[in-house]
Amino acid sequence: MSVETGAALPRAREIHGPAAYGGGWRRFWHLTWLIAVTDYRLTYFGSVLGYLWALMRPLLLFGVLYVVFSKFLRFGDTIQYYRDLLLINIVLYTFFSEATGNAVRSVVNRESLVRKMHFPRMVIPLSVVVTSMLNLAANLVAVLVFILIDGVKPRWTWLLIPVVLLLLVAFTAGIAMILSALYVSYRDVQPIWAVFTQLIFYGTPILYVIDTVPSQLQKVLMANPLAALLEQTRKWLIDSGAPGFVQAAGGFPWWLIPVVILVFVCTFGLWLFNHEAPRIAERL
Amino acid sequence: MAELAPPGPVGAGATSGRTVPKRRYAAIEVRDLEKTFRIPRQQVNTFKERALHPFRRARYEELNVLRGITFDVLEGEFFGIVGRNGSGKSTLLKCLAGIYRSDAGSIRVAGRISPFIELGVGFNPDLTARENVVINAVMMGLTPREARARFDQVLEFAELQDFVDLKLKNYSSGMQVRLAFAVMVQSGAEILLIDEVLAVGDAAFQQRCFDEFLRLRDEGRTIVLVTHDMTIVDRFCHRAMLITGGEIETIGAPGQVGARYLERNFEAMSQRSETTQESSVAGASAEIAEIWVENDAGMRVETVPHGQPLHLHARIDVHGRVQEPIVDIWVDDENGARVFATSTRPWPEAPPAEAGQSLHVRVDLDNRLAGGRYHIGCSLLSGSATLAVVALVNRHKPFVVYGSSHVFGLVAIDHELHVDRESSA
């Protein structure tokens, strides 16, 4: 107990009510991290196989897709390192769909925190994203081992992958904030988003690569920031001969579209959540 | 909590020995605070509803919960906020804690706030006590390192050292309360906001909470306590505030505010039910026209303070001759038990009451009734041969006695309470 008695007059500060952040950045970060880690542990430590499940989910999906598309449909024959590409794509997509899917209900689920504590609201969707990041990190280790065994040569461009990951996390966080803020007032966000993630799964070059798409469609598909990020990962990580997102999008100025969308989603997500945060407690 | 007897002689009041803190500065400064809830008549919760009725503005009912609240809580003060259910006191606390945003006015706070609005908010039943304590302490503004450092103190206070690694879902509710309270106390915040959470937990733990309150108060922490329980306000608070209908009714000494609160409370109680069971006797030659309670000033009242003179009145209109009239008048408590009754019976030679006469009955008594709700009744009997009921009014006109908060039972007789301690060798 360290209460300074007779200390200098503490500066009075205004209480503005709840906000998206607040209470200092350190507390914000501590809370996000603590909640994320706790959630992560709770999800996997209760089960017998524990953390293995986190690894198994994308691997099982990969196994099914690989057998169906590569063996039955002879789909990936022309694509270099198809299975490595498929695996990394699935891992990245799983991160995106898991984080956004869990974020939708997050604020509503943590109702008691929002209604009974002075709590920086943005911690809630962000901690969901961080939890998925922990999953992603574990999965990426597995991916790395897999592609090295499979014969993909390490290159210096591998060092650029964190940039892609950073942008992916930012994009995911932006969407997570939009969804969780909207869900408070509109409960049908959840089924809509479930359908949307399916759409994104097929609308993003995960099973296929962008070069196999008719060229008019390429520009449309590449407007999706997720597609841009996956294509760039392909170029940097797996196949240096791949077009990369600038070329796939059709050169300047087309490649600006996914960039602008990504920036817009992030800023809009921040703005929207910030705007809604003060009243969330009353709307729940 | 009412069963906890206050320490020392009843009536001595705990005000003695309570040092008023040196007035230094306002720890909490509230100015013209307004809070309105907009309650939608029809909640639009889906896009479909929005799409089908794009132009229908959601209609709201405005609920003005707080109006023009202005007060200061000084540093080191134990400040009580009392009010009836729905008066807005909890909303006020939530505004102070930064959970609700106020619509107008300002709140300024000097120091770190630790709100204690509800028990175990943020507790996760699947985690152990250790993990929960750390998370909770971080929510209250500590760093994880500080939280871990205080962990032992917290458990010691909560007396839960043996259950550190037990998952919280296996805790009893009392244990959870202890843990939550311990975290709050040990978080070291300068300002504590407490919403009557102490109603849970066993008597021994409550006593420890009270001890802790005293300690925190003497340590100079600022505490704002929202409660229904006037005994607590009386025992701990330096000052108290009564909120009625979203406005401040009084701010002042706990005793004064407490009396006002009880008065308000019972006023509402007596208005609530005017159950009058009148039994009129068929073909009666008299009727009890009116029956009422007066205070010492001669005003008709429905609430009377304990300890002051009380006057019961009845007016009986006689329509036909009544031989040897006998008037009974009585007071029943809420359960129908007769607390007091009196009669004119010792005078059988009373002259008959004639038609057209009006009998005015008056009983002057010293109000020794304990706090609660009472009914008065009156009857006129004719005692010439057998006792025949001529007119009767039973359970009429409830009135409420307030005050005498530490005394239970039917009556509050003047008394002194002593506890002598002898230690056996």
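1. A quick convention before we look together: axes are lines fitted to C-alpha atoms, for helices over the stretch in contact, and angles run from 0 to 180 degrees between N-to-C directions. Helices (H or I, at least four residues) and strands (E, at least two) are DSSP runs, numbered from the N terminus. What you have is a predicted model, where local features need pLDDT of at least 70 and side-chain atom pairs count only at pLDDT 80 or more, while totals for chains, interfaces and linings use all residues. Residues are numbered from 1 along each chain as its sequence is written, and chains are lettered from A and ligands numbered from 1 in the order in which they are written.

2. On confidence (pLDDT is the predictor's confidence in each residue, from 0 to 100), chain A has a mean of 86, with 93% of its residues at 70 or more. Residues 1–8 of chain A have pLDDT below 50, and this stretch has seven contacts in the model beyond near neighbours in sequence; a contact means that the C-beta atoms of two residues, placed from the backbone, lie within 7 Å. Where pLDDT is low, the predicted coordinates should not be read in detail.

3. Do look at helix H1 (residues 25–45) of chain A, which packs against helix H5 (residues 123–149) of chain A at an angle of about 50°, the axes being 8 Å apart. H1(A) is therefore oblique to H5(A) (under 35 degrees counts as roughly parallel, over 145 as roughly antiparallel, 65 to 115 as roughly perpendicular and the rest as oblique). The crossing is right-handed, that is, the near helix is turned clockwise from the far one by less than a right angle, anticlockwise being left-handed. Residues in this contact include A:Phe28, A:Trp33 and A:Tyr40 of H1(A), and A:Val130 and A:Leu134 of H5(A). Ten of the contact residues are nonpolar, three polar and one charged; Ala, Val, Leu, Ile, Met, Phe, Trp, Tyr, Cys and Pro count as nonpolar, Asp, Glu, Lys and Arg as charged, and the others, Gly among them, as polar.

4. H1(A) also meets chain B: its axis comes within 10 Å of that of H3(B), and the two cross at roughly 155°. H1(A) and H3(B) are therefore roughly antiparallel, and their crossing is left-handed. A:His30, A:Leu31, A:Leu34 and A:Thr38 make this contact with B:Glu131, B:Ile135, B:Val138 and B:Met139.

5. Now the whole interface: 36 residues of chain A are in contact with 40 residues of chain B. On the chain B side, strand E1 (26–40), helix H1 (47–52), strand E4 (104–110) and helix H3 (129–139) each supply at least two residues. E4(B) gives the largest share, five residues. This side of chain B has 18 nonpolar, twelve polar and ten charged residues.

6. Chain B holds an open sheet of six strands with mixed pairing, in the order E5-E6-E7-E3-E8-E9 (strands pair if DSSP finds at least two bridges between them). Strand E5 (113–116) and strand E9 (247–252) are the edge strands. Within the sheet, E3 (residues 78–83) and E8 (residues 239–244) of chain B run parallel, joined by five bridges; B:Phe79 has B:Arg239 as its bridge partner in E8(B).

7. A further open sheet in chain B has three strands in the order E11-E13-E16, with antiparallel pairing. Its edge strands are E11 (286–294) and E16 (358–366), and the twist averages 15° from one strand to the next. E13 (residues 309–318) of chain B pairs with E16(B) over nine bridges.
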